[in-house]
Every structure is written in structure tokens, then in C-alpha cells.
Amino acid sequence: MRLLVVDDLEINRDLLVRRVRRLGHEADVAVNGQEALEKLRAASWDLVLLDITMPVMDGYDTLRHIKADPLLADIPVVMVSAIDETDSVVRCLELGADDYLTKPFNPIILQARIESSLAKKRLADQQRLLLQALSREMHIGQRIQQGFLPEAMPVLAGWDLAGCCVPARQVSGDFYDAFMLPNGRLALIVADVCDKGVGAALYMALFRTLLRAMSCHAGASEASHETLSRTVDFTNDYIAGVHGRESMFATVFFAILDPASGHLDYVNAGQDAPMVKRGSGGEVVRLPSSGGAVGLLPGIRCSVQAFDLQPGDGLFAFTDGVTEAVGDTGEFGEAALLHEIAAAGPQALSYLASIQSRMAMHVGSHNPHDDVTMLCVVRAAG
């Protein structure tokens, strides 16, 4: 380990350096606080033995500068001073010193203080490296999970699509998807896996893969309601049967849209009821639930519902992180969401932008309460 001895008296510096080297550590010296700070910032150090009474910059100011610098603050500092006063000890500890030793010091006590401080430093270094490794892993997971979201929305004449997913943590249990089926119809999914963090993110990947893979096996002659039932039933039974011991489930809005007619078949498995803003008059209607969450128990079945999107209509599906976003006045709430949808422009992005803006104002400096996911589909007017 590398130790820096800071003292204005050569006899004290030499004595401390010899003691440090006898313990098997490297040692260098500084004659005042200013020089000490320069050396600390120029290289890596494991411990500082710091005197108090020095010219140019005394030990108190030096300690204050060390602990105020984010790059130096983790270096332990042991004060070694001739000042044997309680006020001085308290002041140094309040400034962040790790220990205090008075001169003339006992070599055995000096060794104990040094080794104790270095042990704390080793532990802190190990924790820091572990946190850095975990942060890298989380960043990789976040990047991989972002790859599960649509890179670009399908482009359909007469239709406008937009979606977003904002995790409350590094990774999300929410997801949305929009993709074309082999029969030329458009699949739309918004889902929210229970819980948050890494576990929810892993199951998010599983739910998303099952729903997409099973629905894409639809034959050209398979009706949309048949595709929905087959896909949701299989996903439910697989999760509940194979992974039932984990008690993981998801609320899912899964719809299949016929772009030519605007006919929408959907399953709303426990998800907040999506909203449809009518192009004529701006009335907002809801698409009610058609069953319970997916993955709770084998054999649970959801009914398939139908709705027709007329020219100018906008479909908005979302997870509960929207209405439950917490600010100073409580939750964002459904009333505020309805207000923003009613006021949104004719483009899908205008729905998302107005809601995100209003939510940001509501949440303010509060930490995110939950993942926020939104998907909007607008049919061109006329």
C-alpha cells in the first residue's frame, strides 16, 4: 500500500517513513498541506499520515480539501499531531479524519492505527470495484433490454404509431411492441410484469418473446381472435406451469389491427383500460378488461373483445406507471391523463409528448415511482 507522510519537521517525517516501510508499505513525504494535495492529485494513495501544525497550509485545511474533493475523499487520513486536546480531536473527526494519534506516538499503536485504516481502505476498494462491475452489468442489461423494444414502428398508409418505455430503475418490467403478422395485420402489445428491477426485466424478455413468437406463427387463414386466444393461452399456461414457483405474472393488452378496415380484436388481461379518443367530437371511450393477468394459474382464459377504429380515432394504451406517477400533490391520476388525451393533436407523438410533459411537471424532483410505458395508434382522418 502507498502512504503519504505529511509533516513540516524532517525528523518526524523520517521516523514515520521508517515505521511505514518496516510494515512493508511504500512511503513518500510532503512538507506542508499544499504539497500534500499536489501529490495526492498526481498519483494513487492508500493512506495519509497528516500533521496539523504546518506552514503554508495546516492539517485542518488540508483535511478539509481532501474530503471535499470527490477524487480524494475515499483516502483514509490519520492525524498524527502533538496537539493533545479534545477540541482538536473532535474537529478532525468532524472534518472526516479516520483516526487521531498524538505525538510522541507508541510504535505499536501507530502500527495498529495504520493497519486498521488500510483494512478499511481495502474493503472500500473492493466494494467500489464490485459496484463498478454491477453497474457495467446493469448497463449491458439495459442495452440488451432496449433491443427488445421496437427499433422503428411499422409504417402503414393511413396510420401513425408511437411508443415509449421509461424504466423507473436501470431496467424495466414494462414493454411495448408493434409488429406485422404474416397475414398483413398489425400486432400491438403493452405489458407490465409484476415487481421491478432485474427479476421483472428477465420475465419481461420471456413474456415479450412468447407473445411475439406465438403470434407470428399465425397462418394466413387464422382469424385475429384465434391468434390472440392461442397466443395468450399458451403464454399463460407456460409461465404458470413452468415458472409458477416464482409467482411472476404480467398484465397485458394485446391487440391485432386490420389496417384496411380499422377493426381491432384485443385481449385486455388485467391492464389499465386503454383509451380511444374519437375523431368526431373528441369523446374518450375505454376498452374494458377481458380477463385476469397472464401467468397466474394454468387454465385461466381471457375473452377476446372487438372495437372499430374510425378515421381520426386515436388509441392510447399505457401501464399504471402513468396514472400512479407520484408528485407533491399525490398521484398523477386518471383525470389528468384524460385531459391530456382530449387535448392531444392528431399525431401519435403528440399524445406521448403532451402526457410526458405534464407528468414531468407533476413529478418534479420526486424519484420515479414505477416504469412508464405508452403506445399510441392514430388513424388518419378522412
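In the predicted model, the axes of helix H8 (residues 333-343) and helix H9 (residues 348-363) come within 9 Å and cross at roughly 140°, axes being lines fitted to C-alpha atoms over the stretch in contact, with angles from 0 to 180 degrees between N-to-C directions. Helices are DSSP runs (H or I, at least four residues) numbered from the N terminus. The crossing of H8 and H9 is right-handed, that is, the near helix is turned clockwise from the far one by less than a right angle. Ala336, Leu337, His339, Glu340 and Ile341 in H8 meet Tyr351, Ser354, Ile355 and Arg358 in H9, contact denoting heavy atoms within 4.5 Å. By class, this contact comprises 5 nonpolar, 2 polar and 2 charged residues (Ala, Val, Leu, Ile, Met, Phe, Trp, Tyr, Cys and Pro count as nonpolar, Asp, Glu, Lys and Arg as charged, and the others, Gly among them, as polar).

For helix H2 (residues 33-42) and helix H3 (residues 59-68), the axes come within 9 Å and cross at roughly 25°. H2 and H3 are therefore roughly parallel to each other (angles under 35 degrees).

Cys165 counts as buried because its relative accessibility is 13% (under 20% relative accessible area, 1.4 Å probe, protein chains only).

Residues are numbered from 1 along each chain as its sequence is written, and side-chain values use heavy atoms, without hydrogens and water. In this predicted model, local features need pLDDT of at least 70 and side-chain atom pairs count only at pLDDT 80 or more, whereas totals for chains, interfaces and linings use all residues.

Notes:
Helix = DSSP H or I, 4+ residues; strand = E, 2+ residues; numbered from the N terminus. Parallel < 35°, antiparallel > 145°, perpendicular 65-115°, else oblique. Buried < 20%, exposed > 50% of the residue type's maximum accessible area, 1.4 Å probe, protein only.
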